[in-house]
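Hi,

Here is the structure I promised to send over.

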Amino acid sequence: MRVALLVTDHERGGTPLRVARLARRLHEAGVEVHAGCLAPPGPVSADLQAAGIETFACDAADARDFLALKRLSQHIRRIGPDLIHSTLMHANVCARLVGVVQRVPVVASTATVEVERRWHRAAERTSASMDRAHIVNSQTLAEHVMRAFGLARERVHVVPPSLDPPPTVIEREQAREQLDIGAHEFVVAWCGRFDPVKRLDVVVGVAEIMTRVPTRFLLVGDGPTRAAVEQQLRLSNAGRVVHLLGWQADVGPTLSAADAFLFPSLTEGMPNAVLEAMYCGLPVVGSDIPVLRELAGAEERLVTVAEDGPRAYAEVLLGLREDADQRAALGQCAAEWARANLDPRATTAAVLKVYRGVLGKRGDVTT
């Protein structure tokens, strides 16, 4: 089986990294994988090439660069895949157009519940009928794509999420020693791409409120809004307690030093950062959005906050700071679920099942 995996870009972020992990797993399963992006090559491209996976890039200057569609068509013609598996709106639409012209079946994927850009939903809804199947990794996303894109339930496949590899958990004392953190400090972590949807202004606002107690905020990641966050910190008392640690390939040691994980995102699909925090046994305090309610489950594996402002999040975190038993109970419940349900082998098997179903309907022979 030869598969072209297409995503918008190969920058370090939740979706490109998730697609890269899938590429490696499919490669190990004997699939010939070609991993591409609409944008110019990024750091994820180099990582995949080092793993022996061929990559391609369409060198789009921005979302309006229609020549990228021509370059994608050339790549697909050269590769000759049995199917194209695309992820994110721009990649989905481009893959569908090229797939129709070249008679290559497309499996599209949605990674987040889109609430900011209505035209994204309109573009997906207009072109989604060109798919042979649509993959999501949460029931929340399944309901979203059926409602927003008008997809029939039988065409939507929920593939279980996974951590591949899981974060490295180390002893709390060792982790704090590495970061020069005192035993008396209450440590709050956040991980992800610096992007408006992550609401890092809320994280900084929470840190400012909590400066009245011995506390420290560890922010792991990078992205387009980092300069704005740095500016906000320069103008805020939070600058004394917030530390920007940059990109980390393995967030486990940093999460091991934390007492809680803060995640006030405006919208998400199935956030890797939250799954990693749960795996590390951290109590998660997040926004009251559908996927976090899904992850919380009936067991209340994490805490969701209905109010938007920093004060509501700070109050929950300050309560956890005073209640070590509640922190431990939440963390244990989260870790037990994560370690039992985030097996990458299950993810790969589910994706291959979708591929085989699509190719079988087409009459293709697969291996």
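Which residues in α11 meet which residues in α14? From α11, Leu275, Met278 and Tyr279 are in contact with Ala334, Ala335, Trp337, Ala338 and Arg339 of α14, where contact means heavy atoms within 4.5 Å. By class, that contact has seven nonpolar, no polar and one charged residues. (Ala, Val, Leu, Ile, Met, Phe, Trp, Tyr, Cys and Pro count as nonpolar, Asp, Glu, Lys and Arg as charged, and the others, Gly among them, as polar.)

Before going further, some housekeeping. This is a predicted model, with local features needing pLDDT of at least 70 and side-chain atom pairs counting only at pLDDT 80 or more, while totals for chains, interfaces and linings use all residues. Residues are numbered from 1 along each chain as its sequence is written, and side-chain values use heavy atoms, with hydrogens and water left out. Helices (H or I, at least four residues) and strands (E, at least two) are DSSP runs, numbered from the N terminus.

Back to the helix pair. Helix α11 covers residues 272–279 and α14 covers 324–341; they pack at about 110°, with axes 7 Å apart. Axes are lines fitted to C-alpha atoms, for helices over the stretch in contact, and angles run from 0 to 180 degrees between N-to-C directions. The two helices are therefore roughly perpendicular (that label covers 65 to 115 degrees; under 35 is roughly parallel, over 145 roughly antiparallel and the rest oblique).

Now the sheets. One is open, with seven strands in the order β3-β2-β1-β4-β5-β6-β7 and parallel pairing; strands pair if DSSP finds at least two bridges between them. β3 (54–57) and β7 (156–158) are at the edges with a single partner strand each, so one side of each has no neighbour in the sheet. Inside this sheet, β1 (residues 2–7) and β2 (residues 32–37) run parallel and are joined by six bridges, and Val7 has Cys37 in β2 as its bridge partner. Helix α4 (residues 89–102) packs on this sheet and touches β1, β4, β5 and β6, its direction making about 160° with that of β4.

There is also an open sheet of six strands, ordered β10-β9-β8-β11-β12-β13, again with parallel pairing. Here β10 (242–246) and β13 (303–305) are the edge strands, each with a single partner, so one side of each is left without a neighbour. β9 (residues 215–222) pairs with β10 over four bridges, and Val220 has Gly246 in β10 as its bridge partner.

On a 1 Å grid over the protein atoms alone, a cavity is a set of points where a 1.4 Å probe fits but cannot get out; a pocket is an open set with protein on both sides within 12 Å along at least five of seven lines, and lining residues have an atom within 4 Å of a point. Grid points are joined across faces, edges and corners, and a volume is the space filled by probe spheres set on the points. Of the 26 residues lining the largest cavity, Arg18, Val19, Leu22, Asn137 and Thr347 are the closest to its centre. α1 gives the most to that lining, with six residues.

The second largest pocket has a volume of about 200 Å³. α14 turns up again here, giving the largest share of the lining, four residues.

Cheers
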